[in-house]
Amino acid sequence: MAKQVRILLGTKKGAFILAGDARRRSWELRGPFCDTWPINHVVADQASGTVYAAGGNEWFGPAVWKSTDLGETWTHSSDGLAYGTGEQPIKSVWSLAPSIGGLYAGVEPAGLFRSGDDGTSWEHVSGLRDHPSRPNWQPGGGGLILHSLIPHPTDRQQIWVGISSVGVFHTADGGAHWETRNQGTRCDFLPEGQRYPEYGQCVHCLVMAPGMPDRLYQQNHCGMYRSDDGAAHWNSIEEGLPSSFGFPAAVHPRDPAGLYLLPLNGDIRGRYVPDANAAVWRTRDGGASWQDLREGLPQGNVFWGVLRQAMATDALEPAGVYFGTNTGVLYGSADEGESWAPIAQNLPPIFSVETLVVAT
Amino acid sequence: MVVVSLPPALLSLFPGCERQLELAAATVEEVMDALHARWPGMRDRLCDSTPRIRRHINIFVDGEKATLSTKLREGADVFIMTAISGG
């Protein structure tokens, strides 16, 4: 049976779905969905094909949208998606992760929710906000957001989360208790001698290597890191990159040593691509070396950036790689990043890119 | 009974929802309860978990800005509006 890719976009003005042909050369765009709400993350359950979209609307608050027909029709719910009376209300849903333990959602202000009924209702995984560090959590530029969410693929008790300006946490008991996982990641924005705290690190994106759950990669505000022990320790892999600063990271679908990044020029220099030339950077050896991939990407006078959830790979052979810019352009590669072409332009700012492979 | 008017941006979120309807309610809070009973989830769209009316939602009762505790006379006009917001 032939396989085709669907690209799922979250944007400032709704969700979009692109359907590719068998060669991943021609794409049909549909949307905007979700009533043009700001949508931070759109994901699909790879088994069922159900699409979920996370966002928040200034008028109507947070919600998770769901479509079981690839975007033709949608429902939404925020039943149970709330903290207790008197606490700061949830503004928006930032991240979603279907898993063997249910559907998880990360929200702003930072917290974790779980749905055991496919997104119809939600329960607070309160253990995370019970962590003793919580009174000291401070929002970063993007807010106090739980943006990275990685359930273990086979052990429903284990989850890793990344909270902007707070760091990485891990639970081994289904969310009742959490431990910080920031050893080895820097805080260049703190005084000398205080740059390796237990928490307070500005994690930008956290991803897990395929078939190797103990290997995680982290793009941080201050460096690029790899852990081979479930985030207990992090080691810098930024040597060879043009910058230690960036937002997204995307793993190769089959190679645990394969990773794609899109570094930006630094946190105080405009946050666009280095030297105003677009490039995706790839490693095939776990970060020991890096290769810049530029063919088909604009060179010169490029002043866009790519946000933390806006890069993804697909599961075809060879792997496709996709990223969306904060100026509304979606680029794609059907050959593991060797060459690139714009897939869609003139979109709203792109907040997230994910893929779904469907049988046709 | 009171007469409740809903904002157009809310209607598409709840298929079958009417622009204007009559409800039995003695307070704005009870209007929210009644709307939620008819269209599950509508209360969450109009009120946050504090609980209070969402920051960018305005409710006017007989022309006066209201809160959840505002009392309603028989026949009151409850107008729910989206505030200026966006970008």
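This is a predicted model: local features need pLDDT of at least 70, side-chain atom pairs count only at pLDDT 80 or more; totals for chains, interfaces and linings use all residues.
I'm counting two residues as in contact if their C-beta atoms, placed from the backbone, lie within 7 Å. Residues are numbered from 1 along each chain as its sequence is written, with chains lettered from A and ligands numbered from 1 in the order written.

**A:Ser148**

I looked up A:Ser148 and found it in strand 12 of chain A, residues 146-151 (strands are DSSP runs of E, at least two residues, numbered from the N terminus). Buried or exposed? A:Ser148 is buried, because 27 other C-beta atoms lie within 10 Å (20 or more makes a residue buried, 12 or fewer exposed). Beyond neighbours within four places in sequence, A:Ser148 contacts A:Ser95, A:Val161, A:Gly162, A:Val203, A:Cys205 and A:Leu206. I also checked A:Ala231, 83 residues along the chain from A:Ser148, and their C-alpha atoms are 13 Å apart.

**Cores**

Next I went to the largest nonpolar core, which has 106 residues (a core is a set of buried Ala, Val, Leu, Ile, Met, Phe, Trp, Tyr and Cys residues joined through C-beta atoms within 7 Å). A:Ala105 and A:Met311 have the most contacts inside it. Strand 16 of chain A, residues 203-208, gives the largest share, five residues. Another core of 23 residues lies apart from it and includes A:Trp59 and B:Val4.

**Chain A against chain B**

I find 14 residues of chain A in contact with 16 of chain B.

Definitions and conventions. Helices (H or I, at least four residues) and strands (E, at least two) are DSSP runs, numbered from the N terminus.
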